[in-house]
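These are my notebook entries on a single protein chain.

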Amino acid sequence: MPGSTIAIGGPFLKREAERPRDVIVDPDQDLIRRVGRGDPAAVQALVSRKLPRVLALAQRMLNDPAEAEDVAQEAMLRAWKQAPRWTPGKARFDTWLHRVALNLCYDRLRRRRERPTEAPPEQIYDGPAPDRGLLALDVGRRVDAALAALPDRQREAVVLCHHQGLTNIEAASAMEISVEALESLLSRGRRALRTALADLRPGAEGA
């Protein structure tokens, strides 16, 4: 149509060429800036927005509510301290926060391995037959146990992508590995989970 074309080499293309291509858009940028300035409302908003996600991550990595709460609180404290020094555009704050939480989880997992403890005795339920709610709870526990049994890095990849909702690129950045390495961990983790939970699939009964 006449008048609708853009001349090659015109101002539009010049602006496109000048636009930085390695700047990462961060939805938390304005909030972190306000936290860095000491805005109490921004600090409260940061905690409301991030604490539940960090807590969920720590619970799935550690399978221990008390330790997960400690990790989440420490991660949020570090986020608050980091906010005044945060440089926007190089990484998403959420990705950095996930990496902090993961490192804190690994510190605790290392300490567990250095202090071996006896396995707790198996709990035997001798009450009435479970109803549908108890069955669902049992399935949830089976899934949690299967997740906890994965090697640390496989569990981390599965949790970040399937429970925390990170993209493969974001999860790889948080884990400080390549996307290809992340996809390999995901593939092995999913395969191990399918094997561990095979009897829960529809039609598995009596197979």
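**Entry 1. Terms and source.** I call a residue buried when its relative accessible area is under 20%, exposed when it is over 50%, and partly exposed in between, using a 1.4 Å probe and protein chains only. The model is predicted, so I note that local features need pLDDT of at least 70 and side-chain atom pairs count only at pLDDT 80 or more, whereas totals for chains, interfaces and linings use all residues. Residues are numbered from 1 along each chain as its sequence is written, and side-chain values use heavy atoms, with hydrogens and water left out.

**Entry 2. The whole chain.** I looked up the secondary structure and found 9 helices and 0 strands in the protein chain. Helices (H or I, at least four residues) and strands (E, at least two) are DSSP runs, numbered from the N terminus. Along the sequence the pattern reads α-α-α-α-α-α-α-α-α. Of the 207 residues, 32% count as buried.

I then turned to contacts, a contact being heavy atoms within 4.5 Å. Among contacts in the protein chain with a separation of 6 or more, 64% join residues 24 or more positions apart.

**Entry 3. Valine 158.** I located valine 158 in helix H7. Valine 158 counts as buried because its relative accessibility is 3%. Leaving aside neighbours within four places in sequence, I listed its contacts as Leu147, Leu150, His163, Leu186, Gly189 and Leu193. The C-alpha atoms of valine 158 and arginine 188 are separated by 9.7 Å, and these two residues are 30 residues apart along the chain.

**Entry 4. H7 against H9.** At what angle do the axes of H7 and helix H9 cross? I found roughly 95°, with the axes coming within 8 Å; H9 covers residues 179–196. Axes are lines fitted to C-alpha atoms, for helices over the stretch in contact, and angles run from 0 to 180 degrees between N-to-C directions. H7 is therefore roughly perpendicular to H9. Angles under 35 degrees count as roughly parallel, over 145 as roughly antiparallel, 65 to 115 as roughly perpendicular and the rest as oblique.

From H7, the residues that meet H9 are Arg153, Gln154, Ala157, Val158, Cys161 and His162; their partners in H9 are Leu182, Leu185, Leu186, Arg188, Gly189, Arg190 and Leu193. I sorted the residues of this contact into 7 nonpolar, 3 polar and 3 charged. Ala, Val, Leu, Ile, Met, Phe, Trp, Tyr, Cys and Pro count as nonpolar, Asp, Glu, Lys and Arg as charged, and the others, Gly among them, as polar.

Entry 5. I found glutamate 156 in H7, which spans residues 152–163. Is glutamate 156 buried or exposed? At 1% relative accessibility, I recorded glutamate 156 as buried. Beyond neighbours within four places in sequence, glutamate 156 touches Met61, Leu102, Tyr106 and Met175.

Methionine 61 lies in helix H3, residues 40–62. Methionine 61 is buried, because its relative accessible area is 2%. With the same exclusion of sequence neighbours within four places, methionine 61 contacts Leu102, Cys105, Tyr106, Leu109, Asp152, Arg155 and Glu156.

**Entry 6. Cysteines.** I noted cysteine 105 as buried at 0% relative accessibility, and cysteine 161 as buried at 14%. A search of the whole structure gave 0 disulfides, a disulfide being a pair of cysteine sulfur atoms within 2.5 Å.

**Entry 7. Positive phi.** Asparagine 63, in the loop between H3 and helix H4 (65–82), has a positive phi of about 55° although it is not a glycine. Glutamate 176, in the loop between helix H8 (168–175) and H9, has a positive phi near 60° and is likewise a residue other than glycine. I recorded glutamate 176 as exposed, because its relative accessible area is 60%.
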